[in-house]
Amino acid sequence: MIKISGLTFDYPGHRALHQVSLQVEQGSVTALVGSNGAGKTTLMRCIAGLETPLAGAISVAGMDVLERPREAHRLMGYLSDFYGLYQALTVSQCLEYAAAAQGLPAVAIPQAIRTTAQQLALTDRLQQTCDKLSRGLRQRVAIGQAIIHAPKVLLLDEPASGLDPEARSSLAGLFRQLQASGMTLLVSSHILAELDEYSTHMLALRDGRVLEYRALKHDSGHPSARKSLRIVLAQANAGLHAQLAAEPTVQIEGGDERTADFLFSGDEHAQAALLARLIGNGLAVASLSDQKENLQQSYLRSVATYENGQQHLPATGGSAT
């Protein structure tokens, strides 16, 4: 859905993006993560056609954003970190203005307003002016302006900033709903626990470079899928790791005489058979459980891998992509 090739962007005296290349899958919700200054907002603005890069190419749904920015805008919705609403306008008027600005035919706008308001639970707020709304409701109106034209791609920069826990939970439900409708979302946030609730992919940036872009771990059910497991014994046993090491489907990652973390290749039946063998060999197994990596753990692992690689680069090494 989003294809980026060799994207390089410079601010005066500073390179913000270094040869960024990636493809964002259709129907995915990608968590865009990274420290301050990593290039997240710059990348989003380039995708949205609001910045002109030094080099590279960007396409959305097959349309060249740099060559045809106005047409590409019709395919996208964008909510910036510092969005604005017209305080004196009603919610309905804000949505009407956004729909007209995106080129919707006048006859289609009333229905678009009703549909968007229903999606965002704003139907009973349509006649309220924006200055009377809470921050959470204002955020919904801003998102409504971004999706009023039913875009294929939605770009959201810190959408939950300043929201209370209840509003954040409601926002997460909304993003899952938008994804279910077929929309592709790219969401930047420093609140990784919140992104973990609805993201299907992670795009990690560091110093304007892509650390990693990949699907987040989900149980695929495929017989050859590798998953992270942890075994805990009722009492310590010095032979725990030796017994696990003898299993061809096991790759030990850590632990001690009472616990072990390991990668396992196999389906549920193979996992049950492994457990039966371990118990049969005299191990007092208290639990065997999945250890699903959350988004923060995944991001920190990517950072550690990147920094370890940088330490081994020669002094003249070029920039990563």
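Of the 50 residues in the largest nonpolar core, Val33, Ile143, Phe175 and Leu185 touch the most other members. A nonpolar core here is a set of buried Ala, Val, Leu, Ile, Met, Phe, Trp, Tyr and Cys residues joined through side-chain atoms within 4.5 Å; buried means under 20% relative accessible area, with exposed over 50% and partly exposed in between (1.4 Å probe, protein chains only). Helix H5 supplies the largest share of this core, six residues. Leaving aside residues up to four places away in sequence, Phe175 touches Ile143, Leu156, Pro159, Leu185 and Tyr198, where contact means heavy atoms within 4.5 Å. Apart from this core lies another one, of 29 residues, with Phe9, Ala16, Leu22 and Cys46 among them.

A word on the model itself: it is predicted, so local features need pLDDT of at least 70 and side-chain atom pairs count only at pLDDT 80 or more, while totals for chains, interfaces and linings use all residues. Residues are numbered from 1 along each chain as its sequence is written, and side-chain values use heavy atoms, with hydrogens and water left out.

Now for the helices, which like the strands are DSSP runs numbered from the N terminus (helices H or I, at least four residues; strands E, at least two). In helix H4 (residues 109-119), the buried residues are Ile109, Ala112, Ile113, Thr116 and Ala117. They sit on the same side of H4 because they cover an arc of only 125° around the axis, the arc being that of the directions from the helix axis to the C-beta atoms. Their cover includes helix H3 (91-101) and helix H5 (135-147). After H4 comes Ala121, with a positive phi near 55°.

H3 has its own buried set: Val91, Ser92, Cys94, Leu95, Ala98 and Ala99. Down the axis of H3 these fall within an arc of 160°, so they line one face of the helix. That buried set packs against H4 and H5.

The chain is divided into domain 1 (2-215) and domain 2 (227-290), with bounds from an automatic or database domain assignment. Their centres, taken over C-alpha atoms, are 44 Å apart.

Then there is an open sheet of four strands, in the order E12-E13-E11-E14 with antiparallel pairing; two strands pair if DSSP finds at least two bridges between them. Strand E12 (250-255) and strand E14 (285-290) are the edge strands, each pairing on one side only. Strand E11 (residues 226-233) and strand E13 (residues 259-265) pair over seven bridges, and Ile231 stands opposite Ala260 in E13.
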